Amino acid sequence: MTPKLRLALFLLACIVTLPAILLLALHMPAFGAHPLPYGDAIDAAAPGERHISNMVSAVNFDYRGFDTLGEEFMLLCAVTGTVVLLRGSRGEALEARPGIVKGRRILPRSDAVVLIGRLFAPLIMLFGIYVAVHAMTTPGGGFQGGVIAATSALLVFFGDGYHGWRGVMKSQVLDALEGGGAALYALCGFASMAIGAPFLTNFLPLGTLKDVWSGGLMLVENAGVACAVGGGFAMIFLEFLEETRTKKGGAKE
Amino acid sequence: MNLLPWLVAAWLLGIGLYGIVTSRNYVHLIGCLAVVQSATYVLLLAAGYRWNAIAPIFYNHPPGTPAVDPVLQALVLTDVVIGATVTALLLALALQLHKRRETLDPEDLRPLRP
């Protein structure tokens with residue numbers, strides 16, 4: 001199929017679907033003023049039933065917890081696929097040299113970058129943990145906190161370069177975080193079954209509303225998600241940055 | 001105003017698909033796929049929106065205050081995280097493709113060779 005024919009087919013598809021989209025948009029309920037029955041039901045039930053004030057976490061880890069288990073394993077599969085595709089001859093050794101593009105010099109790091117990297121990496125790590133821990137009370141949770149914590153590892157790379165960064169990022173640790181987090185989530189479900197309740201039933205003490213340690217089993221699931229997301233994203237960074245090194249044996253690209 | 005969010009979602013879908021159809025580079029194509037995906041964020045968040053309502057966090061507001069829909073917000077949250085990792089997976093495929101075939105242009109890949 002030539003690009004021109006493909007474009008013509010795309011335009012044809014647009015002409016056919018555009019009236020349908022317009023018709024649909026005209027018949028949608030009024031924006032921002034239509035009933036939201038499911039959301040309102042959760043808003044009404046969760047603070048009393050589950051003792052937590054963040055409704056998004058209530059949906060993610062309790063009312064729709066089984067879906068999150070599926071998403072957890074999608075994440076695991078995507079990260080595993082990336083690792084399988086990229087793990088190979090390049091950059092695995094700590095002393096691997098940077099790949100060189102002809103005509104482009106490798107500039108030394110400036111002191112400002114080193115300072116900012118060293119200053120902000122621990123702070124952002126702390127902020128990520130803070131966001132992950134406060135999942136049940138204020139905006140945040142394992143998904144967001146894990147990603148923020150993983151980006152702090154990138155700041156170590158900017159501040160201290162590849163060698164310093166690789167010294168911190170042990171791929172065994174990241175593997176354990178990624179797989180262990182997903183396993184922890186699944187084990188939470190089986191723990192409920194072990195005491196005779198349905199899968200992922202919240203059987204732990206729920207604590208008090210607006211307390212960081214409220215939510216019962218949701219806290220454990222949230223910790224699992226935080227570990228899996230943080231470990232997974234750090235793993236992806238590691239695999240992609242290994243690609244910037246030369247091949248094993250020091251052969252230039 | 002009633003039409004705008006739905007038309008923005010449709011526009012993002014259309015412009016992303018246009019990019020995919022005309023793409024001559026896999027990295028550009030993966031970027032276009034992310035644009036298509038962002039159409040779903042706009043659609044879901046617009047469907048769960050409510051005027052003069054708070055975020056569904058009842059920390060400073062008592063439970064019962066009108067809030068936007070937490071179900072759709074939770075959907076978008078997981079959508080964003082999964083989208084980022086799937087983009088990474090696709091970029092890894094593109095990287096391997098460039099190593100094997102020295103090209104990222106979808107047009108240069110025909111016919112498929114073993």
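Reply: Let's start at A:Thr138, in the loop between helix 5 and helix 6 of chain A; helices here are DSSP runs of H or I at least four residues long, strands are E runs of at least two, and both are numbered from the N terminus. Before going further, please keep in mind that this is a predicted model, in which local features need pLDDT of at least 70 and side-chain atom pairs count only at pLDDT 80 or more, while totals for chains, interfaces and linings use all residues. Residues are numbered from 1 along each chain as its sequence is written, and chains are lettered from A and ligands numbered from 1 in the order in which they are written.

A:Thr138 counts as partly exposed because it has 18 C-beta neighbours inside 10 Å; a residue is buried with 20 or more other C-beta atoms within 10 Å of its own, exposed with 12 or fewer, and partly exposed in between, the C-beta atoms being placed from the backbone. Leaving out residues up to four places away in sequence, A:Thr138 touches A:Asn54, B:Ile57 and B:Tyr59, where contact means C-beta atoms, placed from the backbone, within 7 Å.

A:Met55 leads us to the largest nonpolar core, a set of 63 residues in which A:Met55, A:Val59 and A:Val229 touch the most other members. Such a core consists of buried Ala, Val, Leu, Ile, Met, Phe, Trp, Tyr and Cys residues joined through C-beta atoms within 7 Å. Two or more residues of this core come from each of helix 2, helix 3, helix 4, helix 5 (111–133), helix 6, helix 7 (171–194) and helix 8 of chain A, and also from helix 3 (70–101) of chain B. Helix 8 of chain A supplies the largest share, 13 residues. As for A:Val229, not counting residues up to four places away in sequence, its contacts are A:Leu75, A:Gly142, A:Phe143, A:Gly146 and A:Val147, together with B:Val81 from the other chain.

Now for the interface as a whole. Here 45 residues of chain A are in contact with 42 residues of chain B. On the chain A side, two or more residues each come from helix 1 (3–26), helix 2 (37–50), helix 3 (55–63), helix 4 (65–86), helix 6 (142–168) and helix 8 (217–242). Helix 4 of chain A gives the most, with 10 residues. By class, this side has 28 nonpolar, 11 polar and six charged residues; Ala, Val, Leu, Ile, Met, Phe, Trp, Tyr, Cys and Pro count as nonpolar, Asp, Glu, Lys and Arg as charged, and the others, Gly among them, as polar.

Two helix pairs are worth a look. Helix 4 of chain A packs with helix 3 of chain B at an angle of about 20 degrees, their axes 9 Å apart; axes are lines fitted to C-alpha atoms, for helices over the stretch in contact, and angles run from 0 to 180 degrees between N-to-C directions. The two are therefore roughly parallel, given that angles under 35 degrees count as roughly parallel, over 145 as roughly antiparallel, 65 to 115 as roughly perpendicular and the rest as oblique. Among the residues making this contact are A:Leu75 and A:Ala78 of helix 4 of chain A, and B:Val81 and B:Leu89 of helix 3 of chain B. The contact has 14 nonpolar, six polar and one charged residues.

The other pair is helix 1 of chain A with helix 1 (residues 4–22) of chain B, whose axes come within 10 Å and cross at roughly 170 degrees. These helices are therefore roughly antiparallel to each other. Residues that meet here include A:Leu7, A:Phe10 and A:Ile21 on one side and B:Trp6, B:Leu17 and B:Val21 on the other.

Back in the loops of chain A, A:Leu200 lies between helix 7 and helix 8 and has a positive phi near 65 degrees, though not a glycine. A:Leu200 is buried, with 23 other C-beta atoms within 10 Å. A:Lys210 is found in the loop between helix 7 and helix 8 too, with a positive phi of about 70 degrees, and counts as partly exposed with 16 C-beta neighbours inside 10 Å.

How values were computed
Two residues are in contact if their C-beta atoms, placed from the backbone, lie within 7 Å.
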